[in-house]
Amino acid sequence: MSGGLNNEADEIAEINKDVKPRKVPTQEEKFIQSVRALSKKIAKVETEKVPSDQANREISSLIRQVANIIDEGNPTVANPKLDNKALSDIAHDVMEKTRPNPKPATLQEKIVEKYLRENKNVSPKDIDTLRQLAKDVTRLSGDQKLDADFAMQKILNSYEKSTVWGKMQAIRYIAMLLNSGTQAVNAISGPMMATTGSAADVLGTMIDILMNKTLKTQRTTTLYGTNPLAFIARYFKNAKVGGKAGWHGVNPSGIQGTNEIRGLAFPSLKNPLTTIPSLAERTLGAVAKGADYATYKSVFDSEIIKQARLDARKQGIRGNQNIKNHIEQFKNNPPEEAILEADRIGKNTTFQRSDRTGGKIANFLNSAPGVLEVPVKTVFPFVRTPVNIASTAVTLTPGGIIKGLFQLIRHVHAEKAGKLADFKGASQREAIRNLSLGLTGSGIGVLGWYLSHVGIITGANDSGDKDVDAIREQAGKGKYRFNTSALSRYMNSMLNGDGEEAAIKAAKYQQGDKQFDYNKMQPFAFPAAIGASLENNKDQTVGGQIWEASQDSAASLLGMSSLKGLQDTFQPQYGGTQGEKTVGIISRLVESYFKSFSPSAGAQEARRQDPIQRKVPFNDGLIPDVKGYFQSRTPGMSQALPPNKTTLGQNKLNAPGIQGQYINPYKSDVAPYTEAARIISDLIDQTGDTSIAPSVPEKTVTGKDKTGKSVTIPIPQERYLKLHEEVGNEIIKNVTAMKSSLSNEEKIAEIKKIYKDARKNGRDKVKTELGLQVN
């Protein structure tokens, strides 16, 4: 640093040219020592906290002191007046040459500098580029700001090389997520959640106004800026930005730390070995991030507009044009607290919060030690999104009302006590939003109760008896089904003025009705499932209803496709010793991991080509189970597996065609139905007798061979499938023909006789074919 001042010595001497040079040789040394001492003082002056004009003045003063050093020891002479302009110019040069590298001022600059300190392999050219881009991200705006941010991230990502484990995980995620169904649900769920948030803000605004009038609290919630058309326009604009970011493997919202710097697992499109996986990875990133960012940024911008309007109100700004001008200024330079609030609400809407309980659990699981990373990633390949969905789902219940009220009371108490500056709890805006979401979700639960009451939706359909659940499914009462045909008939009847009783009758299930799986509409399915469960168990005690509702709603959440690893790992093992069942969990953990590499896009095409659902091996061992799973999801190979049949021997069918498989995210299709299943299911509901639920035939026959010896012979697979169908057809025929005038007790006795006769007739045919004696 002193060298910078030393280089100015000639210019200083030029200014003092009339001063006679000293002949004492030690004076130069004294000069250099003094300059070095003064340079330290300059270093203290030259900080970011000192304005440039002030620094210039102080350095000019210091240079005057330097000039005076030369006079030390000289006879007193009248020195010429120093040129102030020349000294100022020299001061400027000194300031530029001696100024230390400025400390990073913005988040992007801090991230870049930290990364450069930790990674010494960054080229000098990239170092300069990164530092400039980090400044541009703050200095620029609009598309230029985004371009600078993306360029900065791309350079940083290029130095992050993916490990073999990272490449395997990327292939696994591509296999699980790259399909039209999953991505369509992802794209739809964001706007649905945003719409729900806007609906909740209607209640929230009412609560906020009431608090403002009675408790004199500040307004934090408004409907201003809730413009559906503007939201749609922002959505598509932001989807383009998010899609571009996803394609290049960068974060459209920017990065918050060096831990978020991660490149594509397969960055090269030119390498023939990685072209296909790179295209798949980039496509998945573009589609997923495009939808997520479109919702997040649209909600974020809407929230900033809301806060801008409230800020104008707080400042007493009047007149439409003045308010618009203030909102525009606020949008262009929002305060930090407004950005944080909008960010929280935007991430709540897209289930990406990392600072709530769900996010903290996700952070804990994502940072699992190396020895636990593989099993954790196997069971929970996705953590943050499903955990945050579960958290939001609970908020959409009376639990959200309690949570919101508790947060609101704490916030108001802190405000009245003058301790709001140190308050660490939820903001008033967030507390009101939780309260209003709880009220809105409770309304969804009430609606779920009524829709279940009239027969338009079903609940968990989980009685604990798989045969009972199976016959109900064949009667159109499967798990979490929404009957759109029944809703249409109900609404038409009500609009025609037929009355509620006639409308409920019209909504009863009919053959050919179309249904869809509403459980894919999480978190909204959660309160709806609670309502349906309360209706289904209305004859139980209050405690029993609450217990059943908690179980059914939990099953609704666990049914999310993102938790398939959890489902596979802890599914029941029907055979074996207790030790084998315990070890079976580890086996299923390994099995689940291998299964997750089966491409979901290939499974869609396999189902399109093959109209029949296929029976996949289960608990037959690791290799047979995994092999069968891949086979069932591979186009052209699934047909070799046996068909999956109902307990009445009918083939289960896939949704047909391109529309049924590729443009059908909620699995809308004609519901399975047989009249015999309806009769049996209704009889079970009326009497509670579950013994009349049909079960599949046994896979062996026992009889005497030609020598008179009693033997048990396994039925060949093809013959068993035929037996199953023959027995089922006979049951369907005879149950349907049963007289409706019979009492329930007589119907039960008749059905049991039908089962016995159908099974005996089927077994006798098989015995004859296998050479066994028929009794």
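Strands (E, at least two residues) and helices (H or I, at least four) are DSSP runs, numbered from the N terminus.

This is a predicted model, where local features need pLDDT of at least 70, side-chain atom pairs count only at pLDDT 80 or more, and totals for chains, interfaces and linings use all residues. Residues are numbered from 1 along each chain as its sequence is written, and side-chain values use heavy atoms, with hydrogens and water left out.

Colour E4 (700–704) and E5 (710–714): they pair in the antiparallel sense over 5 bridges. Two strands pair if DSSP finds at least two bridges between them. Now click Gly703; opposite stands Val711 in E5.

**Next, helices H31 and H32.** Select 717–736 for H31 and 744–769 for H32. Their axes come within 9 Å and cross at roughly 150°. H31 is therefore roughly antiparallel to H32. Axes are lines fitted to C-alpha atoms, for helices over the stretch in contact, and angles run from 0 to 180 degrees between N-to-C directions. Angles under 35 degrees count as roughly parallel, over 145 as roughly antiparallel, 65 to 115 as roughly perpendicular and the rest as oblique. H31 passes H32 in a right-handed crossing. A crossing is right-handed if the near helix is turned clockwise from the far one by less than a right angle, and left-handed if anticlockwise. Show side chains: the contact includes Leu723, Val727 and Ile731 of H31, and Ile751, Ile754 and Tyr755 of H32. Contact means heavy atoms within 4.5 Å.

**Then the open sheet.** Its 3 strands run in the order E1-E2-E3, with antiparallel pairing. E1 (481–483) and E3 (669–670) are the edge strands, each pairing on one side only. E2 (514–517) and E3 pair over 2 bridges. Click Lys514: its bridge partner in E3 is Val670.

**On to Ser638.** Find this residue in the loop between H28 (622–632) and H29 (657–662). Is Ser638 buried or exposed? Ser638 counts as buried, because its relative accessibility is 2%. Buried means under 20% relative accessible area, exposed over 50%, and partly exposed in between (1.4 Å probe, protein chains only). Leaving aside neighbours within four places in sequence, Ser638 is in contact with Ala606, Asp610, Arg614, Gln631 and Ser632.

**Now Gly263.** Look in the loop between H11 (228–248) and H12. Gly263 is partly exposed, at 28% relative accessible area. Draw a line from Gly263 to Lys161: they are 102 residues apart in sequence, yet 7.1 Å apart in space, C-alpha to C-alpha. Beyond its neighbours within four places in sequence, Gly263 is in contact with Asn157 and Glu160.

**Follow H12 to H9.** Select H9 (164–177) and H12 (275–314): the axes come within 10 Å and cross at roughly 60°. That makes H9 oblique to H12. H9 passes H12 in a left-handed crossing. Ala170, Tyr173, Ile174 and Leu177 in H9 meet Pro277, Ala280, Glu281 and Leu284 in H12.

**Last, zoom out.** The chain has 32 helices and 5 strands. Of its 775 residues, 45% count as buried. Among contacts between residues at least 6 apart in sequence, 73% join residues at least 24 apart.
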